[in-house]
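User: Hi! Could you walk me through the packing in this one? I'll paste it here.

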Amino acid sequence: MKSNTNLIVSRASTLDNSELAQIYLRSRIAAFPWVKHPQASDFIQDSKNELILKAVLNNKIVGFLSFYQQDNFIHLLFIDPAYIHSGIGSQLLFKIRQSATALVTLNCVRQNNHALAFYKAQGFKIIGKSLWKSPAYYTLQDTKKEDYPLL
């Protein structure tokens with residue numbers, strides 16, 4: 001595991017969109033074979049009207065989380081493939097828990113075993129599943145109520 005002692009999680013701005021879009025593209029190419037013809041430009045549409053937190057390590061954006069605040073829903077959580085297993089995803093989750101007004105939920109593609117294992121280790125549980133969507137996904141909800149100061 002790489003050290004992340006210099007990791008800073010903060011709100012992203014539109015000035016960060018190019019770097020965030022590249023992480024989104026690289027991550028999807030590396031881990032989402034079901035996404036056909038991903039483009040960097042997908043990031044803007046896929047995170048529209050969402051709060052975006054960025055994780056910065058040594059002045060480089062290495063991950064992000066997009067959050068639909070009205071529903072306390074994590075829409076996207078992506079880490080640069082070169083920084084996977086560095087604790088970045090955990091730090092992004094910690095930060096969003098600080099401002100969420102309810103236990104957060106998210107959807108995770110059922111064949112994404114690495115993400116499912118990560119979320120389980122972070123305290124999420126499966127509360128639903130899609131039957132007809134493609135790709136099929138689980139809906140997960142956080143269980144770590146003690147990590148939410150606003151609850």
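Predicted model: local features only at pLDDT ≥ 70, side-chain atom pairs only at ≥ 80, totals over all residues.

User: Nice. Zooming out, how many residues has the largest nonpolar core?

Analyst: The largest nonpolar core has 27 residues. Those with the most contacts inside this core are Leu65, Phe67, Ile74, Leu77, Ile88, Leu92 and Tyr119. Among the elements that give two or more residues to the core are strand S3 (60–68), strand S4 (73–79), helix H3 (88–99) and helix H4 (113–121). There is also a second, separate core of 15 residues, which includes Ile23, Phe32, Leu76 and Phe78.

User: Take leucine 77, then. What is leucine 77 in contact with, leaving aside neighbours within four places in sequence?

Analyst: With those neighbours left aside, leucine 77 is in contact with Phe64, Leu65, Gly89, Leu92, Leu93, Phe118 and Tyr119.

User: Switching to rings: how many aromatic pairs are there?

Analyst: The count comes to seven aromatic pairs. One of them is tyrosine 24 with phenylalanine 43, an edge-to-face pair at 6.0 Å centre to centre with 70° between the planes. Tyrosine 24 lies in helix H1 (residues 17–31) and phenylalanine 43 in helix H2 (residues 42–46), so this pair ties together parts 19 residues apart in sequence.

User: Are those two buried or exposed?

Analyst: Tyrosine 24 is buried, with a relative accessible area of 3%, and phenylalanine 43 is buried too, at 0%.

User: Why does the pair of phenylalanine 64 and phenylalanine 78 count as stacked?

Analyst: Their ring centres are 5.8 Å apart and their planes are at 20°, so the pair is stacked; the cut-off for stacking is under 30 degrees. Phenylalanine 64 lies in strand S3 and phenylalanine 78 in strand S4, so the pair ties together parts 14 residues apart in sequence. Both phenylalanine 64 and phenylalanine 78 are buried, and together with Tyr24 and Phe43 they form one aromatic cluster.

User: Last one: what lies over the face of tyrosine 24?

Analyst: That would be arginine 28, at 4.4 Å from the ring centre.

Definitions and conventions:
Residues numbered from 1 in each chain as written. Heavy atoms only, no water. Core = buried A, V, L, I, M, F, W, Y, C linked by side-chain atoms within 4.5 Å. Buried < 20%, exposed > 50% of the residue type's maximum accessible area, 1.4 Å probe, protein only. Helix = DSSP H or I, 4+ residues; strand = E, 2+ residues; numbered from the N terminus. Contact = heavy atoms within 4.5 Å. Phe/Tyr/Trp six-rings, centres within 6.5 Å; stacked < 30°, edge-to-face > 60°. Lys NZ or Arg CZ within 6 Å of the ring centre and 35° of its normal.
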